[in-house]
Amino acid sequence: MTEQTPLQLFNSLTRQMETFTPVHPGEARVYSCGPTVYNYPHIGNMRAYVFADILGRTLSFKGLKLTHVINITDVGHLTDDADAGEDKMEKMAAKEAKSIWDIAEHYKQAYWADVRALNIRQPAQWTIATDYVPQMIEFAKKIAPTHCYELESGLYFDVSTVADYGRLARANTEEGEGRIEKVDGKRNAADFAIWRKTPQGETRQMEWDSPWGRGAPGWHLECSVMSGEVLGFPFDIHTGGIDHREIHHPNEIAQNQAACGCGSLDVAAHSGAQFWMHNNFLVERSGKMSKSSGEFLRLQLLIDRGYHPLAYRLMCLQAHYRSELEFSWEGLGAALVRLKRLLMATAQVKAQCADAGYAAIGGWGQKIAPLMERFDTAISDDLNTAVALTLLEEVAGMKKVPAVEKLGAITAMDNVLGLNLLGLERADLRLRPKTATITEEEIEAVLVQRKEARAEKDFARSDALRDELAARGVEAMDGDPLGWEWKLA
Ligand code: AMP
Ligand code: ZN
């Protein structure tokens, strides 16, 4: 089933759709730029990892042995992606009056909690930047003589020493470079620090000795080193959000070219990876996505308002990863209803399988096979999750097909989409805001009384009980086809 449709992926480096052929037959090696753990991730950041997860699951679906690496940046990322501004970690540590190590640990755990909540599979390895500093120094020592120069503030990479610098960004124009802050003595505007010296008379919480003085590595250096160390150059796919296409990834590519002594980027492998893939942004009109705007959209905020986090995952899957996606609470509500419908259908199929006494699930017959093929075609078409979702719904709604076959197909599809349809319970998807003062048991108890009243045709009492619930923010939903039964306002 898995080998018929070739996997087509959009390569940002060539700006073309290309057929995926693994560097190492039977394997897929993927590196995703991870979060800088100076603050909570917002749901836009998490879109980047839902995308990387769908990519990984698709590669597994294609029968490839996946090695996925996601890094954790706990040093070196400045408030500007180029060389300006303060170290994000140092800045937050000062603000919260904590050690950087404590800050990093706290926000790394918060990020991992979101990863679990969104049913993002664990990568083979989480690489932590501060664990790789000796390797970063070795890497820098190797490329320094031919590609770098030293300034008062650190060791800089001369972008004119590699071929095709900036091809990924298509932005090496005057205008593009105008965004990069000037550092006195830089040979080219786009040159970037690979080692930042601690200024005289200052100490940083995180600093290491190096041939260029005490200091800290540049952010771009981290990813070149960790991806190369763990996956080996060239590996298959490097992912990140679309903002990384402009500065971070072109700089990583330049370092990789320097390290391998590679020439023109006409050969994709010279960049360090065969494919560079980027998810577009999640946007929100009122600016709640920006971490500098006070309350920003964290996954926990969605959960506190009563939404199951997988409703957000489904919301992401409704859009193509290369399209911008606008967040709205209405959209999230609609995604939750869609997830609920899918779950109800799956629960029914599960119950039918249990009634029939067979727990084993496996293949499917002629009726389902064409849908599975279309699913494979959709997901192989640069991860068209929007179409794949509709096919999952089609299978879930099929009539006159043995339940055991349906369950097999739903399982196979959900292994790619990751909505956890077999693990979720209906009650998990009830809208349940954190501010609710009434417990589920209390609601259920009133609903039982109300059922009795209705059975006795005591409609006055039934209405009174309904009003009692309404006064406590609960909407009783009679005859609701989705079987919510009740909803908390
Ligand atoms: P950071 O922790 O800032 O390095 O970001 C983590 C990841 O989230 C990176 O891959 C970014 O490109 C990505 N990202 C940042 N903002 C958004 C957004 N609004 N929508 C989607 N991805 C984003
Ligand atoms: Zn990176």
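**Close-up views of a predicted model**

**View 1. The buried side of helix α15.** In this predicted model, helix α15 buries S462, L465 and L469. Looking down the axis of α15, you will find these buried residues within an arc of 65°, so they line one face of the helix. Their cover includes α14 (440-455) and β14 (474-476).

**View 2. The outward side and the end of helix α15.** Here we turn to the face of α15 that points away from its buried side, where A460 and A471 are exposed. The helix runs over residues 459-471, 13 residues in total. From first C-alpha to last, α15 spans 18 Å, close to the 18 Å expected at 1.5 Å a residue. Just past the end of α15 sits G473, with a positive phi of about 85°.

View 3. The unreviewed UniProt entry marks K291 with the feature "binding site". You can find K291 in the loop that links β12 (282-283) to α8 (299-304). Setting aside neighbours within four places in sequence, the contacts of K291 are Y38, N39, Y40, P41, H42, N45 and F296.

**View 4. The whole chain, for orientation.** Of the 489 residues, 55% are buried. Among contacts with a separation of 6 or more, 74% join residues 24 or more positions apart. The chain exposes about 21,000 Å², with carbon and sulfur atoms supplying 50% of that area.

Conventions
Residues are numbered from 1 along each chain as its sequence is written. Chains are lettered from A and ligands numbered from 1 in the order in which they are written. This is a predicted model: local features need pLDDT of at least 70, side-chain atom pairs count only at pLDDT 80 or more; totals for chains, interfaces and linings use all residues. Side-chain values use heavy atoms; hydrogens and water are left out. UniProt positions are given in the numbering used here, feature names are shortened, and annotations may be inferred rather than shown by experiment. Helices (H or I, at least four residues) and strands (E, at least two) are DSSP runs, numbered from the N terminus. Contact means heavy atoms within 4.5 Å. The expected span of a helix is 1.5 Å times one less than its number of residues. Buried means under 20% relative accessible area, exposed over 50%, partly exposed in between (1.4 Å probe, protein chains only). The arc is that of the directions from the helix axis to the C-beta atoms. Accessible areas come from the Shrake-Rupley method with a 1.4 Å probe; for residues, only the protein chains shown count as cover.
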